[in-house]
Amino acid sequence: MMITNGFDMLKKARAEHYAVPAFNVNNLEWAKAILLACEEMQSPVIMQVTGGAAKYMGNFKVAHDLIKDMHDALGITVPVAIHLDHGNYQDVQDAVAAGFTSIMFDGSALPLDENVQKVKAIANFVHDDHLQLEGEIGTIGGEEDGVIADGEVASLGDTLRLAQAGVDSLAVGIGNIHGKYPSNWTGLKLDHLKAIAEMISDEMGIEMPLVLHGGSGIPDDQIQAAIQLGIAKVNVNTEGQLAFHQAIRDFVLSNKDLEGKNYDPRKFLQPGTDAIQAMCVDRITVFGSLNRA
C-alpha cells in the first residue's frame with residue numbers, strides 16, 4: 001500500500017472508536033520495529049518524526065526516505081502516514097518539502113492569537129498539497145522544583161478557536177504530560193475531553209479526530225476511556241525509549257554483549273529493537289487498532 005496522508009485512517013478511527021498508534025521514529029531500528037509490528041497486527045500507523053529526531057538522522061529528507069524505503073523493502077501492506085511531530089513553522093516547511101504526508105504545527109506555547117494566525121497560514125499551503133494538519137492547544141504540565149502542574153488543560157473557548165482555524169485533527173489538553181508521569185499525577189480530565197468533543201460537534205458539525213499526546217505512562221483504562229470520547233490518535237515515544245533502554249541494559253548487565261560477536265551493532269541493538277516491536281504490539285492491542293488496516 002502506498003504511503004497515505006492519514007485523513008481516512010483518523011476519520012475511520014474516530015467513527016469506530018479506536019485510536020491509530022502514532023509511534024515516534026528515532027533511527028533505523030525504530031522504523032523497522034514499528035513497521036514490522038504494525039504489519040503483524042494489521043494496524044494502520046502514523047510514523048512520526050520530531051525536528052530533533054530529523055536533525056539526529058541528518059534532516060527531514062533523510063528521515064522521510066528512511067521510513068519510505070524501509071516500508072517498501074519490508075513489503076508493508078497496512079496504511080502508513082509519515083508525520084511531523086511538534087513542528088515549528090520552519091519544521092513544517094522543511095517536512096513538506098521532504099515529502100511528509102501529515103503535519104503537526106505546535107504553536108501551543110505561543111499566544112493564542114499567534115497560534116491561530118499561523119495555523120490558518122499553514123493550513124492554506126498544507127491543504128494545497130492534500131496533507132493532513134494537526135494543531136495543539138494547551139500548556140505542558142509536569143513537575144519542576146517540587147511544583148506540580150496538572151498537565152495540559154485548554155479552555156473550551158481557546159480550543160474551539162484553534163479547531164476552527166483549519167486543522168484536521170487537534171491535540172487537546174486534558175491533563176496529559178510529555179515524558180514520565182509523576183507518581184502524584186491526578187489522571188486525565190475525561191469530563192473536559194467529553195466537553196471538547198461535544199462542543200466541536202455542536203459548533204462545527206463534525207466529529208473531529210482528537211489527539212492524545214504524552215500517551216506513554218497513562219493507565220490503559222484511561223486511554224481506552226478517552227478513545228470512546230473522541231481520541232483517534234495516541235502518541236507514543238517515551239514508552240519506546242524506556243523499552244529500548246531497558247532491553248539493552250539487561251543485555252549488557254547479563255554480559256551477553258561479551259559473547260561471540262555480540263559487539264556487532266546489528267546484534268548489540270537487536271534486544272532493544274525486539275523490545276520496541278513488542279511495545280508496539282502491546283499498544284496496538286490497547287488502542288484497539290488490531291486488524292483495522
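Predicted model: local features only at pLDDT ≥ 70, side-chain atom pairs only at ≥ 80, totals over all residues.
I started with α2 and α12, and their crossing came out right-handed.

**α2 against α12**

α2 covers residues 28–41 and α12 covers residues 270–287. I looked up the packing angle and got about 40°, with the axes 8 Å apart. Angles under 35 degrees would count as roughly parallel, so I have α2 and α12 down as oblique to each other.

On the α2 side I found E29, W30, A33, I34, L36, A37, C38, E40 and M41. Their partners in α12 are T273, I276, Q277, C280, V281, I284 and T285. Sorted by class, this contact of α2 with α12 has eleven nonpolar, three polar and two charged residues.

**α10 against α12**

Then I moved to α10, residues 238–253. Its angle with α12 is about 140°, and the axes are 8 Å apart. I noted the crossing of α10 and α12 as right-handed. From α10, the contact takes in E239, G240, A243, F244, A247, I248 and F251. α12 brings P271, G272, T273, A275, I276, M279 and R283 to it. My class tally for α10 with α12 reads nine nonpolar, three polar and two charged residues.

T273 and I276 of α12 turn up in the contact with α2 and also in the one with α10.

**α9 against α12**

Helix α9 runs over residues 220–228 and packs on α12 at about 50°, with the axes 9 Å apart. That angle makes α9 oblique to α12. Here I listed D220, I223, Q224 and I227 from α9, meeting R283, V286 and F287 in α12. The contact of α9 with α12 splits into four nonpolar, one polar and two charged residues.

**The largest pocket**

β2 (45–50), β3 (80–87) and β12 (231–236) each supply at least two residues. By class, I logged one nonpolar, 13 polar and one charged residues for the lining of the largest pocket.

Conventions
Residues numbered from 1 in each chain as written. Heavy atoms only, no water. Axes fitted to C-alpha atoms, helices over the stretch in contact; angles between N-to-C directions. Helix = DSSP H or I, 4+ residues; strand = E, 2+ residues; numbered from the N terminus. Parallel < 35°, antiparallel > 145°, perpendicular 65-115°, else oblique. Left-handed = near helix turned anticlockwise from the far one by under 90°. Contact = heavy atoms within 4.5 Å. Nonpolar A, V, L, I, M, F, W, Y, C, P; charged D, E, K, R; others polar.
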